[in-house]
Amino acid sequence: MEGNMNLTLKVWRQKNAKSEGRFETFDVKGISEDMSFLEMFDVLNERLISETKEPIAFDHDCREGICGMCSMYINGHPHGPKQTTTCQLHMRSFKSGDTITVEPWRAAAFPVIKDLAVNRSSFDRIIASGGFVSVNTGNARDANSLPIPKENADLAFMAAACIGCGACVAACKNASAMLFTSAKVSQLSLLPQGQAERQMRAEKMVAQMDAEGFGACTNTGACEAECPKGISIENIARMNREYLSASVSSNKEY
Amino acid sequence: MSTILDAKIPDGSLVEKWTKFRSNVPLVNPANKRNLEIIVVGTGLAGASAAASLAELGYTVKAFCFQDSPRRAHSIAAQGGINAAKNYQNDGDSTYRLFYDTIKGGDYRAREANVHRLAEVSANIIDQCVAQGVPFARDYGGLLKNRSFGGTQVKRTFYAAGQTGQQLLLGAYSSLQRQIGLGNVKMYTRHEMLDVVMVDGKARGIIARDLISGKLERHFGHAVLLCTGGYGNVFYLSTNAMGSNVTAAWKAHRKGALFGNPCFTQIHPTCIPVSGDHQSKLTLMSESLRNDGRIWVPKQKGDTRPANDIPEEERDYYLERRYPAFGNLVPRDIASRAAKERCDAGYGVGASKMAVYLDFRSNLINKYGRAEASKLGIDNPDEETLIRLGRAVVKEEYGNLFDMYKQITGEDPYETPMRIYPAVHYTMGGLWVDYNLMTTVKGLYALGEANFSDHGANRLGASALMQGLADGYFVLPYTIGAYLAAEIKTKAISTDAPEFVEAEKAVQERITQFLSIKGKKSVDNFHKRLGKIMWEQCGMSRSAEGLKGAIADIQALRKEFYSDVFVPGDADEFNPELEKAGRVADFIELGELMCVDALQREESCGGHFREEFQTPDGEALRDDEKYAYVSAWEFKDTSQWELHKEELVYENIKIAQRSYK
């Protein structure tokens, strides 16, 4: 026992994608305020293992807020009450005696794998449809031969900071992937390197997003409010402009 | 019998070797490339860049990662930057200087030819990344900015705030996804490689486990590339991701690939200190912070005053005192040992007394605050103004790091100094490779942190990203031709061949074994105990006596693991505990080899500090007469290895006592 917080956890348990899920309640004791939310789960899992029960499966990897792997929906918010990743949420954000409800991301395009782990490969397919600059290795010119206004470089960087965790989708009542997709479209449309494929990119990425079963955007702004990396909803406006101008001017089949 | 290893270094002068090699290496014509299949394991900087580049060339590529997306490989967490000899700052940088700094930083235990090649291609990497749309930091003129890192006296580090690794990986990932979309790469996410398949003495495929269904799969390849990162998690607590592991490299080692310099571990000086037994990982605070942060402890032992109440004259800026020429930017091994020395002597700070301060206040006020005030034409600015102005600049340079520190510790580093302590970060050791990046197993390559080749006994900051991308974008795509040109007649081997069947059976048996032990202790219990042995006896400071004890302890731990571990769940499902069991079992074997290596190397060099071998003022004391070689260990049987050597020949650099004073 390292601390004196006692909590009640209601955790989603689901054996696999095909089975029905349900909540299971656990009491956890002796939690320290300095623990991260995932370390609190480590304590619970260690106990379950010592009781020869099956631990709770959840995704996590870097535990420093950058890989985007962790994905718990805590008390009705993706990544919990703070605007951060689950791994960077610390128990000092809770009080002893709290009941905490933990679910996986809920979206048709993110099927549950087991318990709290979901499959987000739909995001990879959106990137594969156009989220790149087509430049083969060895084709680049000198990096400084292409000056980029600092303002654009900074905006592109802020959009590129997306970690692809999917909190935006989990936060959205329509399970829309507009914030994720628009962040990549924005980053590349703001840079000179991204110009050649600009129209094709917006059209193809939006088409792929729709094909994956993500919902439509109704501008509630929940995605921006919950994004652990502060990705701005302005990116969605920028993508809409890109998409509109592409569909007006394009008559190509890609 | 031990042999002298042939690194296949091309002839000619150092500066011509790579150019001549590229012009002479056999080529594979485009029609034949399509028929050649390459397996790439791991999709970090090295793996993603290699998979994308090879697919662009026309090879048929299969890529594997254990994460749910290639974008999540731990390269994503690299913070501070990437080195390149561009000399954009006009401060005297050159390919030679980058080469020299890297050799010296590695304490003269790296291979000259590889390091020079690395320095040569460094500039191409920056060009390639910018072309992909990687948003590096820029000045108002739109040109690229640079900063300094440890062990150098020029500014050659390119960066994107404190998340350079993320941006570089997303660049490589976008190229990889493009090739996946084009059908040139088949991607297998949530797959873990569990063995190399050997056919007629060559690596011809892998056995991988689909981590969702638990099914074992057989995959054929004309060549196999391991881009699986380092093994810092052998220490349990490290800055690595929770899933980072040695398993792929270890399976290769057990199939005949020699392991180079396993004991060369990098302990990074600036990490957030351990706060309790619950801790699952340690978080790095980028070395780039040492551009602007000054490291100090109180001059008085056991001083309990808050940092800001300790006056300037009562602070010991011990790095600036001991190493005036490089100051706070000495290489990592030196900064780490110096922090340990102060804490062991009783000058540490914070509740645990195992921390030192990294303080931004003076540069925030004096360097940035004053510069901004002067730009704005404010004469005689008061301290409050200076803090406000300086804070904005520091936020732009390191904002995400300061936020991360605050989230983890609950303290605001803009107000009070960070508390930091060294932590395991990177492993210079890895699979031994020749100049072509091929291991001692034919057709089996190792790239990036998974190989041993470029950083000697200590890696300089911002050089891991450089090496990972150099190997994947610019080195391997050329060197693999030397092997594949002779393989164009080799038809794809059926995965029903007995070698595949046998390999799969062995993997299956091992999984069954883990599940059937049904002991009382969790996998983490063993991992934590292994980590404690390693940190105490094979960490920042090592001794013959300690290492001998550690070897015995690890052997006992291994026996206990195979009789008392409990792995819940089944083999045919998503089972993270089962994954961990396999990784920890491999870490236990590796830990023993690291101690064997550290014991055998009776000198101190870089991150390998043997207490018996130090100068009177506590610096690492190398023994070039006896140990100017790479130790490459051959696996014989459990706890049995044979040492092979690669002599290190320095034709261009005068080998000398490393000094940063």
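Begin by selecting chain A of this predicted model, where 59% of the 254 residues count as buried. With the whole of chain A still highlighted, you can follow its 8 helices and 7 strands, and its C-alpha trace spans about 60 × 40 × 35 Å along the principal axes. Among the contacts in chain A with a separation of 6 or more, 69% are accounted for by residues 24 or more positions apart.

Next, select helix 3 of chain A, residues 150-160, and within this helix pick out A:K150, A:A153, A:A156, A:F157, A:A159 and A:A160, which are buried. What covers these buried residues of helix 3 includes helix 5 (178-189) and helix 8 (234-249) of chain A, together with helix 6 (164-181) and helix 11 (383-409) of chain B.

Now move to chain B and select helix 15 (residues 523-537) and helix 16 (residues 544-564), whose axes come within 10 Å and cross at roughly 175 degrees. Because angles over 145 degrees count as roughly antiparallel, helix 15 of chain B is roughly antiparallel to helix 16 of chain B. To see their contact, show the side chains of residues including B:F526, B:L530 and B:I533 from helix 15 and B:L547, B:I554 and B:F561 from helix 16. Taken together, the residues of this contact between helix 15 and helix 16 of chain B divide into 9 nonpolar, 2 polar and 4 charged.

Conventions
Residues numbered from 1 in each chain as written. Chains lettered and ligands numbered in written order. Predicted model: local features only at pLDDT ≥ 70, side-chain atom pairs only at ≥ 80, totals over all residues. Heavy atoms only, no water. Axes fitted to C-alpha atoms, helices over the stretch in contact; angles between N-to-C directions. Helix = DSSP H or I, 4+ residues; strand = E, 2+ residues; numbered from the N terminus. Parallel < 35°, antiparallel > 145°, perpendicular 65-115°, else oblique. Contact = heavy atoms within 4.5 Å. Nonpolar A, V, L, I, M, F, W, Y, C, P; charged D, E, K, R; others polar. Buried < 20%, exposed > 50% of the residue type's maximum accessible area, 1.4 Å probe, protein only.
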